[in-house]
Amino acid sequence: MITLRTLIGSLVVAAFLSLNATAVKAQEVQKIVAVVNDEVISGYDLVQRISLTILMSGIRDSRKARQELVNPTLRRLIEERLKLQEAARYNLTVTDLEMNQAVDRLEKQNNIPSGQLDTILANRNISIDTLLEQIRGQLAWDKVIRRRISPRVRVTDEEIEAAQKKMRENKGKNEYLISEIYVPVERQTDEPKIRELLSQLREQMKSGTPFPRIASQFSQGPTAAKGGDIGWTMAEDLPPEVAAEVGSIKKGRVSSAIRTSDGYYMIAVRDIRQILGDTTSNATLELSQLVIPLSPAKKTGQENSQVKLINSLSKFIDSCNYVPAMLNEIATTESGKMGRVQLKNLPEKFRNLVKDLEPGQASAPFLDKDKYRIFIVCDRRDQNSQGDSEDAIRQMIGVKRIEARARRYLKDLQQEATIETR
């Protein structure tokens, strides 16, 4: 049973949020602001997490901003505590190695020199433990999901067939690679503050702060831990109010606040593609080439033998590892690595040779004036590629089902817990 006393408005916290945590009297920051199944969240915990949120999101630090962050930050601290308690219930722990790896990823994502995160936090009087607790909560919850939900998710053949049918019926329609920031509206009196906050966040993104960085700190939806990433989706699978707007949002742009029945969304449209469309031209290939002249063979009357050798080479090659040795044997100085190139930027005569090749495959020889060219694909990245294969659809349905059950799981924990806010 949940016991919730919403007295946030009268919290002492609101009186000192604009101050730095170290400047606040010890007796004030140690006041209890929430109790979650007998575990205490202190004023210090709340102020520190708000400071971390402001730092990581890049928004302007002000008394007003801190006051607006009280409720959502406290809500996230409560959820985090519930997640850690559930992990402990099943003896699931996060190792030091996992924590260090997560910190390393965070530094790389935010272009922070390795090992400098502690210094940056210390300069803002934020305890490293505040960040580590946030990371630990995310990693522990992932382990709970893998233990309690993932093994129980099943996708039937009938579901796969239905998804394939839907994709084929919608072939050629647009679908969108979307990230979200979701903020619920629990009281109508909160609405003006939420709109203003989202407006500030949008301006911050226009100034260069990455959407995932802000989403991870402010979004209260299930995708927050992934920087708001929803993945590829059709408009009809979004909330109706969002679906009505998404088609008018240009690739790479962020929407203004969109009101739905239960809260506000901000949507970033990262990319757009057509369902089951031909996306070959978007491929990026890492190519090498062998350029073999015919002139020397012609002079010695061995042209036919040279052509046979070239055709054999094309069939023999199954890796770019052969290229260096062949350069020394038969190829010219034109041969070698071409680097990464977009398929659509190649001349048509060469594009047709390599467009269907997989990594390690070599093209058929191409006679270019008095020399033959053989292209070898060392690596290939097909952007926006989409298929209706059973494996791809099984994974897509499975991921969405896991996320939905994780949301219900957390909601059940909240309903069963004893939570008091003071």
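Two rings of Phe, Tyr or Trp count as an aromatic pair if their centres lie within 6.5 Å, the six-membered ring being the one used for Trp. In this predicted model, a search of the whole structure turns up 4 such pairs. A pair of aromatic rings is described by the distance of the centres and the angle of the planes, and both values are given below for two of the pairs.

The rings of tyrosine 182 and tyrosine 265 have centres 4.8 Å apart. Their planes meet at 40 degrees, so the pair is tilted, since stacked is kept for planes under 30 degrees apart and edge-to-face for those over 60. Tyrosine 182 belongs to strand 3 (residues 174-184) and tyrosine 265 to strand 6 (residues 263-274), so the pair ties together parts that are 83 residues apart in sequence. Tyrosine 182 has a relative accessible area of 12% and is buried. Tyrosine 265 is buried too, at 13%.

Turning to the phenylalanines, the rings of phenylalanine 350 and phenylalanine 375 have their centres 4.9 Å apart and their planes at 55 degrees, so this pair is also tilted. Here distant parts of the chain are linked: phenylalanine 350 sits in helix 16 (residues 348-354), phenylalanine 375 sits in strand 10 (residues 371-381), and the two are 25 residues apart. Phenylalanine 350 is buried, with a relative accessible area of 12%, and phenylalanine 375 is buried with a value of 3%. Ring pairs join both residues with Phe366, giving a cluster of Phe350, Phe366 and Phe375.

Glutamine 289 is found in strand 7 (residues 284-293). With a relative accessible area of 9%, this residue is buried, because the limit for that term is under 20%. Its side chain makes a polar contact of 3.1 Å with the side chain of arginine 373. Another arginine faces a ring elsewhere: arginine 273 lies over the face of tryptophan 232, at 3.9 Å from the ring centre.

Strand 1 runs antiparallel to strand 2 (residues 39-42), and 4 bridges join them. The hairpin they form has 2 residues between the strands, and in it asparagine 37 takes a positive phi near 50 degrees. Strand 1 also pairs with strand 11 (residues 419-421), again in the antiparallel sense, over 3 bridges. Valine 35 takes part in both pairings: its bridge partner in strand 2 is valine 40, while in strand 11 it stands opposite glutamate 420.

Valine 40, which lies in strand 2, is partly exposed, with a relative accessible area of 39%. Beyond its neighbours within four places in sequence, valine 40 is in contact with Ile32, Ala34, Asp45 and Arg81. One of these, arginine 81, is 41 residues away in sequence, and the C-alpha atoms of valine 40 and arginine 81 are 9.4 Å apart in space.

Conventions. Residues are numbered from 1 along each chain as its sequence is written. This is a predicted model: local features need pLDDT of at least 70, side-chain atom pairs count only at pLDDT 80 or more; totals for chains, interfaces and linings use all residues. Side-chain values use heavy atoms; hydrogens and water are left out. Two strands pair if DSSP finds at least two bridges between them. Buried means under 20% relative accessible area, exposed over 50%, partly exposed in between (1.4 Å probe, protein chains only). A polar contact is a pair of N or O atoms within 3.5 Å; within protein, one must be able to donate a hydrogen and the other to accept it, and residues adjacent in sequence count only if both atoms are side-chain atoms. A charge sits over a ring if NZ of Lys or CZ of Arg is within 6 Å of the ring centre and within 35 degrees of the ring normal. Contact means heavy atoms within 4.5 Å.
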